[in-house]
Amino acid sequence: MPTEPPLGIATIVLLLLLFYGLTMVMSLRISRGSKENADDYMTAGHNIGFGISAASMTATWIWASSMYASVTSGYTYGISGPIHYGLWGALMILFIYPFGRRIRKVAPSAHTLAEVMRARHGRSSQLMLAISNVLGSVISLMSNFIAGGALIAMLSPMSFIQGVVLIAGGVLMYTIWSGFRASVLTDFTQVVAMLLAVVILVPTFFFLLGGPDLLREGADNLTAHQSNFFSSEAFLGQGAPYIAAVLAYAIGNQTIAQRLFAVREDLIKPTFITATIGYGATIIGIGMMGVLALYSGISPAGGDPNNLLPQLAATHLATPLIVVFFVMIIGSLSSTADSDLAALSSIVMTDVYGDRARREGTVNPRTMLLIGRLTMVVATVAAVLFAALELNILDLLVFVGAMWGCLVFPVIASFYWTKVTNSAFTVSVLVAFAIFIPVRFSWLPESGATGLAIDVLGIIGAGVVLGLMCFGFFGPRVGLVVGALFAAGISPFAIGVISEHPALSGSLTAYAVSTIVCFAMSALSTERPFDFALIEKRTGDFTDETESGADSDDDLDDDLEPARA
């Protein structure tokens with residue numbers, strides 16, 4: 001590595017001022033061109049068009065952490081690593097849209113998934129969605145700040161924590177004024193910058209590191225698993241847990257749900273298909289840089305895989321290309337960090353203040369806006385403090401995704417099955433999470449009866465994941481048959497294997513336990529079937545309620561009646 005960082009402090013500050021200054025100008029124009037409105041601050045009027053919504057979904061899914069993690073996956077698992085990271089992540093975007101159309105159908109004017117769960121079940125389900133999303137978004141925010149801090153520390157004389165503070169301040173500066181509107185409209189320019197940078201940088205790295213000769217001469221640096229495209233180690237260590245984790249992200253993540261509630265309902269399908277293609281091409285491409293580093297025999301600085309991507313840039317690129325690289329990473333982390341801030345503000349505005357105000361008939365949009373902006377400040381400070389821990393990004397992503405895995409079946413079932421109850425939802429999530437933690441962190445013996453139980457639950461969880469994917473597109477019968485056949489088919493190969501991979505077994509166990517408990521309790525319930533028409537009645541824009549008033553909690557309870565024939 002060079003003795004002097006490739007960029008000086010003045011250059012870094014100037015680039016950040018230009019980048020965040022331009023986004024700040026866009027945010028202020030949005031704010032001044034629109035009347036202060038709490039609903040627009042959260043969902044932009046539920047009427048975003050195709051171009052902006054597709055770009056925003058793509059930019060939000062392409063975060064700096066996903067770029068770093070894809071490179072880490074390529075470096076760790078070899079030629080199939082970026083495929084296992086990028087392809088499955090892309091397909092998960094595609095799998096959101098059938099469920100998304102159902103969610104928008106029953107709750108066309110909602111703001112958060114937690115709000116919808118409150119309308120569907122009650123406070124405990126709302127609380128679980130809200131808490132999991134607050135935790136997930138803070139971790140996401142933190143991981144993006146980690147990526148930004150590592151980038152600035154690698155490319156300049158500035159320290160890691162100084163870089164974190166600069167990135168955090170820049171993102172907060174332009175997001176706080178217009179909230180979600182600033183996030184989606186700045187996403188368009190950010191995703192264009194990212195895509196152009198990837199198109200330039202990936203071929204450049206390939207030729208700088210040796211071109212076609214590198215693939216031949218550097219093959220000895222790869223293990224047998226790393227050189228095998230169909231490596232079982234890569235699939236069990238990266239692919240399988242990521243399939244489970246990203247499906248959970250798709251269903252439980254408020255940043256995705258917020259865009260689902262914001263896009264025009266008739267544009268949900270093309271938006272998600274376009275985002276699928278954009279994400280897959282970008283992340284698989286950038287992940288190949290990790291494979292190239294592996295072929296080249298490069299070791300991450302300080303043994304930290306988070307440093308690999310900025311290290312490659314600092315070591316091999318000329319200054320103009322380093323600037324292009326810097327803009328790519330800043331754009332990717334900012335597009336997701338502002339989405340996390342918008343998501344957190346929406347949760348607090350809707351599920352903390354708005355829920356109580358709606359029941360009491362005292363909704364005040366100006367108070368909601370103030371609360372949303374204060375939430376962004378608090379979340380930014382918390383994420384900066386946590387970022388100082390410099391945790392491994394890939395591990396964070398898999399952990400959060402697996403945590404949300406406890407919620408996937410109860411949430412999806414709640415939008416289709418009238419018999420799912422609040423107690424079934426609550427108990428299934430809590431039990432699944434209680435079992436997930438010791439399995440994920442290997443606190444239980446991996447042999448004997450315990451290991452066998454983990455393997456069996458993992459097999460059931462794998463069937464649940466595939467079954468849910470098929471259910472979204474082809475209906476419950478196909479989903480049930482495919483899930484059951486898949487679970488039966490992998491049983492001879494999975495016994496004794498799943499329990500040896502904590503990330504995979506933790507994710508699959510969360511799916512299995514929550515599904516079993518939720519299904520059993522709901523099937524045995526004697527409560528009246530739920531009328532999905534009540535969800536639309538119980539959710540809606542807060543601005544409208546300042547004019548028409550809101551139902552009291554007693555009114556909501558009176559609305560519970562058998563589903564219509």
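1. V456 is found in helix α19. This is a predicted model. At 38% relative accessibility, V456 counts as partly exposed, because that class runs between the 20% limit for buried and the 50% limit for exposed.

2. V456 also belongs to a nonpolar surface patch. Its members are L452, V456, I460, I495 and I516, and the patch covers about 380 Å². Helix α19 spans residues 448–474 and gives the most to this patch, with three residues.

3. The largest nonpolar core has 170 residues. Within this core, M67, F145, F325 and I329 have the most contacts. Helix α7, residues 123–155, gives the most to the core: 15 residues.

4. What does M67 contact, once neighbours within four places in sequence are left aside? The partners are I62, M194, V198, T282, I283, I286, L309, M328, I329 and S332. One of these, I329, is itself listed with M67 among the residues with the most contacts inside the largest core.

5. T426 lies in helix α18, residues 422–440. Is T426 buried or exposed? T426 has a relative accessible area of 15% and is therefore buried, since the cut-off is under 20%. Not counting residues up to four places away in sequence, T426 touches S124, S125 and M128.

Key:
Residues numbered from 1 in each chain as written. Predicted model: local features only at pLDDT ≥ 70, side-chain atom pairs only at ≥ 80, totals over all residues. Heavy atoms only, no water. Core = buried A, V, L, I, M, F, W, Y, C linked by side-chain atoms within 4.5 Å. Buried < 20%, exposed > 50% of the residue type's maximum accessible area, 1.4 Å probe, protein only. Helix = DSSP H or I, 4+ residues; strand = E, 2+ residues; numbered from the N terminus. Contact = heavy atoms within 4.5 Å. Patch = residues over 30% accessible without salt bridge, like charges linked within 9 Å, V, L, I, M, F, W, Y side chains within 5 Å. Areas by Shrake-Rupley, 256 points an atom, 1.4 Å probe, with all protein chains shown as cover. Salt bridge = Lys/Arg side-chain N within 4 Å of Asp/Glu carboxyl O.
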